[in-house]
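Please have a look at it first.

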Amino acid sequence: MAEFIIKGGKKLKGEIEVHGAKNAALKALASSLLFSGPITVKNLPWIEDVFRMKELLEELGVKVSKAGERGLKLDAKKLSGAGFRKEIAKSLRASVVLTGPLLAREKKVIFPHPGGDVIGKRPIDIFLEGFRAFGAKIRTSRDNYEASAEKLKGADFTFKMISVSATETLMMAAVLAKGRTILRNAALEPEIESLANFLNKNGARIRGAGTPTVEIAGQNSRLLRGGGTFEIIPDRIDAGSFLILGAALGARIKIKKCNPLHLAALIFLLESAGVKIKSGPDWLLVSRPRKLTSLDAKTREYPGFATDLQAPFTVLMTQARGQAMIFETVFEGRLNYIEELNRMGAKITPCDPHRILVHGPTPLRGRDIEAPDIRAGLAFIIAALVAKGESRIKNIYQIDRGYERIEERLQKLGADIERV
Ligand code: EPU
């Protein structure tokens with residue numbers, strides 16, 4: 001099993017490019033199921049989750065081929081009728097977004113409980129409630145869910161909780177349903193708007209994506225015609241992680257090919273902590289400030305402070321003066337990495353399942369640590385780069401799920417990190 005060996009304590013300098021957004025790419029690939037002809041998806045990040053989604057689609061009968069350096073062509077003209085590859089679906093939360101288009105198209109879908117990061121319970125009740133509202137029957141067995149409907153009927157559906165993937169899944173199902181759908185209390189993430197824009201350019205009729213109320217005029221089972229190209233938007237979590245890295249260790253780091261508007265909440269937080277950030281339309285420039293002040297932070301759905309940036313931000317707060325209360329409101333199990341940081345020398349006190357208190361600044365020492373999930377894994381890389389001495393990070397498949405060849409990109413900034 002590969003590991004990262006990191007020698008910390010170096011200042012980092014230079015330029016780093018942001019890749020296409022993981023959480024837009026996975027949904028873009030899934031959207032191929034709505035089309036009768038091929039679509040092309042460009043600016044894909046070559047990460048493990050994208051490879052897994054490609055395998056799932058191939059298993060379903062989608063023909064996938066390379067299209068340029070960062071592109072894939074996907075042709076879902078004929079599906080094989082095969083089910084989900086269970087082992088893959090169980091390793092990837094985003095596998096659940098396939099269920100919407102599949103149910104609409106194939107009249108029936110059987111799928112296991114989706115896996116992914118272990119960051120809380122992550123139920124799928126909202127997806128099932130949505131399918132029921134569209135007229136589907138749901139059966140659950142020990143291993144699987146089965147949803148079936150002769151024809152999905154558009155519905156007026158209110159999400160009881162804001163959910164990114166459920167918004168995308170029901171939006172895609174509604175595109176092929178009969179009649180009008182209104183989704184209320186929908187998630188606002190820019191990845192949702194970009195998915196809707198692509199579908200609209202190719203014949204769908206979706207209004208209001210990116211706002212709490214999304215209206216979809218259904219196609220009554222008529223598939224969208226292919227031919228379109230989906231250009232994946234920049235990964236705001238990739239960019240935000242580098243911004244935090246720059247605030248911790250940067251001696252001028254320029255983050256290129258990003259969209260600073262998608263990072264407004266993080267930029268505001270960092271500036272309030274004393275970090276100087278310059279920005280242009282598609283770049284950010286950041287350095288470690290002389291004085292970093294602790295600051296409370298609370299995760300929220302977009303456009304709030306992203307839960308995916310919470311662990312990296314906590315690492316930064318171990319280097320800031322004062323006490324920071326970090327409040328994770330989106331997931332209930334996303335603070336499980338703090339013990340490892342404490343073993344490295346951090347002083348973090350758990351308050352309750354959702355809140356921790358970070359006392360800073362504390363010097364960190366290199367240790368052997370295991371990446372529990374994508375984002376905490378990246379946070380550990382930042383901690384190891386800050387720490388004195390050598391760290392070994394294990395279970396780096398988790399990091400490769402979301403960040404493409406992270407070590408090569410960090411080496412370009414002068415980081416001492418190796419994959420062994
Ligand atoms: N929830 C339910 N029932 C449901 C669905 C969600 O209770 O049926 C709850 C969740 O347990 C959670 C909250 O609703 O407490 C919000 O979850 P959401 O459904 O919005 O999350 P998701 O769609 O599963 C996506 C990203 C996550 C990101 C969250 C929040 C993908 C593939 N994943 O997850 O990304 O943290 O939105 O922004 O889009 C990551 O990239 O590392 C990652 C975990």
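I will begin with the ligand site and then turn to the cavities.

This is a predicted model, in which local features need pLDDT of at least 70 and side-chain atom pairs count only at pLDDT 80 or more, while totals for chains, interfaces and linings use all residues. Residues are numbered from 1 along each chain as its sequence is written, and side-chain values use heavy atoms, with hydrogens and water left out.

Which residues come nearest to the ligand? Of the 25 around it, they are D125, S163, S165, D308 and V330, where being around the ligand takes a heavy atom within 4 Å of it. A polar side-chain atom of D308 lies 2.6 Å from a ligand oxygen, a polar side-chain atom of R375 lies 2.7 Å from a ligand oxygen, and V330 places a backbone N or O atom 2.5 Å from a ligand oxygen. Of the 830 Å² of accessible area that the ligand has on its own, the protein covers 93%, as computed by the Shrake-Rupley method with a 1.4 Å probe.

Now the cavities, meaning sets of points on a 1 Å grid over the protein atoms alone where a 1.4 Å probe fits but cannot get out, with lining residues having an atom within 4 Å of a point. There are two cavities of 30 Å³ or more, the largest holding about 40 Å³, with H19, D235 and R409 among its lining residues.

Notes: 1 Å grid on protein atoms, 1.4 Å probe; cavity = no way out; pocket = protein on both sides within 12 Å on 5 of 7 lines; lining within 4 Å. Points joined across faces, edges and corners; volume = space filled by probe spheres on them. Polar contact = N/O pair within 3.5 Å; in protein donor to acceptor, adjacent residues only side chain to side chain.
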